[in-house]
Amino acid sequence: AKITFITRNGEKITVEGNDGSLMELAKQNNIKGIDGDCGGVCSCATCHVHVDPAYFEKTGTASEIENDMLELDDNVGEYSRLSCQIPVSDALDGLVLQVAN
Ligand code: FES
């Protein structure tokens, strides 16, 4: 699937991936602002992204644990997700994510 990350300084980077999580994909491609400090276990929020509203249905909403984590982040919004909690799949082709950090 082709995934586009938009960094805080407005840079648009489109990458391709087939497995792992969106956080791992971002790390593999050195996307600025996705640190994934906890290694993908939903306990750091350094992988916070805002999903483009048009794609929110495809990524689905955050789980309860994920929401608890997101609430600690100042920059949380209606379309916030932790990218380590979203598996890369063909269904996400074309997805656009705004990096939150
Ligand atoms: Fe830590 Fe996603 S990598 S919450």
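**A first look at this chain**

With 101 residues, a compact globule would have a radius of gyration near 13 Å, and the chain, at 12 Å, agrees with that. Keep in mind that this is a predicted model.

**Overall build**
- The C-alpha trace spans about 30 × 25 × 25 Å along its principal axes.
- Of the 101 residues in the chain, 29% are buried.
- If you take the contacts with a separation of 6 or more, 66% of them involve residues 24 or more positions apart.

**Helices and strands**
- You can find 3 helices and 5 strands in the chain.
- Starting at the N terminus, their order is β-β-α-β-α-α-β-β.

**How strand E3 pairs**
- Strand E3 covers residues 48–51 and is joined to E4 by 3 bridges, with the two strands running antiparallel.
- Within this pairing, histidine 50 has serine 80 in E4 as its bridge partner.
- E3 is also joined to E5 by 3 bridges, and these strands run antiparallel.
- Here, valine 51 stands opposite leucine 97 in E5.

**A closer look at aspartate 90**
- Aspartate 90 sits in the loop between strand E4 (80–82) and strand E5 (95–99).
- Aspartate 90 has 7 other C-beta atoms within 10 Å, and a residue with 12 or fewer counts as exposed, so aspartate 90 is exposed.
- From aspartate 90 to glycine 33, the C-alpha to C-alpha distance is 24 Å, and the two are 57 residues apart in sequence.

Conventions:
Residues numbered from 1 in each chain as written. Predicted model: local features only at pLDDT ≥ 70, side-chain atom pairs only at ≥ 80, totals over all residues. Helix = DSSP H or I, 4+ residues; strand = E, 2+ residues; numbered from the N terminus. Rg over C-alpha atoms; globule rule 2.2 N^0.38 Å. Buried ≥ 20, exposed ≤ 12 C-beta atoms within 10 Å, placed from the backbone. Contact = placed C-beta atoms within 7 Å. Pairing = 2+ DSSP bridges.
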